[in-house]
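Please look over the structure below. The briefing that follows takes it up topic by topic.

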Amino acid sequence: MSLTGFKNISQILTLEGALRKDGRHLKPVDLGLIDDGAIVFDQDKIHWVGRNQDIPDQYRDISFVDRKGFCLTPGLVDAHTHLVFAGDRAHEYAERLNGVTYQEIAARGGGILYTVKCTNEASRADLFKEAINRIERIYSYGVKAIEIKSGYGLNFEKEKELSLIIQDLKKHFAGKMRIHNTYMAAHDIPNTFKSSKDYLDLVVLPLLEELAPLKIIDSVDIFFEQKYFDHLDTERLFLCAKKLNIPTRLHADEFNDNKGAVLGVKHGSLSVDHLLATTEDGFQALANSKTIATILPGTGLFLGKKQAKAKIMLEAGVKLAIASDYNPGSCHFDNVLKLASMVAPNLQINQAALWSAITLNAAHALGFNDQGAIVQGLKPIFTFFKSDSIDKITYNWSENLFEF
Ligand SMILES: [Zn+2]
């Protein structure tokens with residue numbers, strides 16, 4: 001395997017300490033910064049990383065590319081998006097600004113059901129093309145791995161199509177960006193079904209069993225919330241997934257403290273997401289588990305709501321990730337780096353926790369345990385920024401410094 005190298009990198013953010021501490025209880029020193037650094041890697045793994053002056057003799061023959069004036073960080077990861085959809089909901093955003101409530105919008109066929117209508121009217125080719133444009137834009141911020149959920153079809157055929165589109169996207173972006181395909185037919189309950197149980201029996205569970213043998217589903221997700229899917233629905237879906245050997249995650253405690261975090265931990269879910277209403281028992285359960293807490297601060301900003309208690313979670317030893325939740329209704333914002341930079345002061349997240357939340361911990365939330373830090377042996381999945389210090393990357397809210 002041929003080796004490649006970069007040298008004279010102004011700063012390398014290795015997250016070596018963060019990796020050693022499993023992304024918890026992080027202090028600024030866990031950033032593992034190297035000034036004037038160099039790196040040697042092949043297609044599969046990082047062979048060496050360190051200071052320029054310490055490049056081992058065995059690598060002297062490699063033609064190193066000079067990267068003075070650049071920072072190198074682990075590849076950014078967006079661990080929660082709903083980016084396969086048609087139509088937009090700009091009119092709803094304006095209406096909410098003008099005082100119309102979400103319930104009023106939903107009552108007249110707006111909200112998620114509007115996106116479901118537009119998505120069902122769109123062709124597979126158009127949905128694929130639109131999603132490619134969105135992913136290319138997200139890539140242009142330095143994101144190297146992304147999670148994508150199905151869930152705007154809400155019927156057997158369209159949900160199947162959405163899962164297949166995500167698989168097509170995975171193939172299209174292979175080698176450039178990693179994609180995690182999440183099955184989320186249990187996103188909402190169409191009003192043509194009597195109950196969540198009926199919808200589960202007729203669509204969600206049978207479709208999952210049909211898709212499982214194709215080996216394209218990387219995890220399943222469910223909207224566990226009052227008036228949506230209840231405790232029993234969630235357990236049934238998770239048991240079905242377990243039987244099919246598919247990992248789980250869930251939308252937990254977004255509106256109410258439904259003990260979603262506790263439920264996710266009980267089932268060994270990869271992540272529990274949102275957590276706005278989670279309380280102490282949820283934080284303790286997460287701190288003592290491998291399940292990652294993925295918070296989605298863009299949704300709070302977009303809807304004018306409160307935020308998850310990130311500081312308390314971090315102090316408890318929870319492994320925290322931050323994702324965009326990019327979707328047409330509750331967060332039409334897709335830049336996870338800008339988002340994390342903007343909310344960190346209010347959430348009281350230190351620099352190491354911030355970077356881990358959008359690289360290391362977010363990668364682990366997708367089961368990508370072979371990336372997320374710039375350490376020997378891990379995959380060479382990293383991002384260059386045109387900046388001589390990592391401080392400037394999170395400081396420059398309005399400038400995109402990604403460059404490769
Ligand atoms: Zn979501």
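Contact here means heavy atoms within 4.5 Å. This is a predicted model, in which local features need pLDDT of at least 70, side-chain atom pairs count only at pLDDT 80 or more, and totals for chains, interfaces and linings use all residues. Residues are numbered from 1 along each chain as its sequence is written, and side-chain values use heavy atoms, with hydrogens and water left out. Helices (H or I, at least four residues) and strands (E, at least two) are DSSP runs, numbered from the N terminus. Buried means under 20% relative accessible area, exposed means over 50%, and partly exposed lies in between (1.4 Å probe, protein chains only).

**Zinc site**

- The zinc ion is coordinated at 2.1 to 2.7 Å by His80 (NE2), His82 (NE2), His251 (NE2) and Asp325 (OD).
- Donors are N, O and S atoms within 2.8 Å of the metal (3.2 Å for Na, K and Ca); water is not among the atoms, so sites may look incomplete.
- Along the chain, the donors of the zinc ion have the spacing H-x1-H-x168-H-x73-D.
- His80 is in the loop between β6 (76–78) and α2 (90–97), and Asp325 is in the loop between β13 (320–322) and α13 (336–347), so this pair ties together parts 245 residues apart in sequence.
- The angles among the four donor atoms run from 78 to 165 degrees, and the site is irregular.
- Four donors count as tetrahedral if all angles lie between 85 and 135 degrees; four count as square planar and six as octahedral if opposite donors are over 155 degrees apart and all others between 65 and 115; anything else is irregular.
- His80 counts as buried because its relative accessibility is 0%, and Asp325 counts as buried because its value is 2%.

**Helix α8**

- Helix α8 (residues 231–243) has 13 residues, so at 1.5 Å a residue it should span 18 Å, which agrees with the 18 Å between its end C-alpha atoms.
- The expected span is 1.5 Å times one less than the number of residues in the helix.
- Buried residues in α8 are Asp233, Thr234, Glu235, Leu237, Phe238, Cys240 and Ala241.
- The cover over these buried residues includes α7, β9 (219–224), β10 and α9.
- After α8 comes Asn245, with a positive phi near 65 degrees.

- Helix α6 (residues 156–172) has 17 residues and reaches 24 Å from its first C-alpha to its last, close to the 24 Å expected at 1.5 Å a residue.
- Among the buried residues of α6 are Leu162, Ile165, Ile166 and Leu169.
- A nonpolar core is a set of buried Ala, Val, Leu, Ile, Met, Phe, Trp, Tyr and Cys residues joined through side-chain atoms within 4.5 Å.
- The largest nonpolar core has 103 residues, and those with the most contacts inside it are Val84, Leu169, Ile349 and Trp355.
- The element that gives the most to this core is α7, with eight residues.
- Another core, of 13 residues, lies apart from it and includes Ile34, Phe70, Ile374 and Phe384.
- Leaving aside neighbours within four places in sequence, Leu169 is in contact with Val84, Phe128, Ala131, Ile132, Ile135, Ile148 and Ile179.

**Two loop residues**

- Asn258 sits in the loop between β10 (249–252) and α9 (260–266), and is buried, with a relative accessible area of 14%.
- Gln53 lies in the loop between β3 (46–51) and β4 (64–66), and is exposed, with a relative accessible area of 59%.
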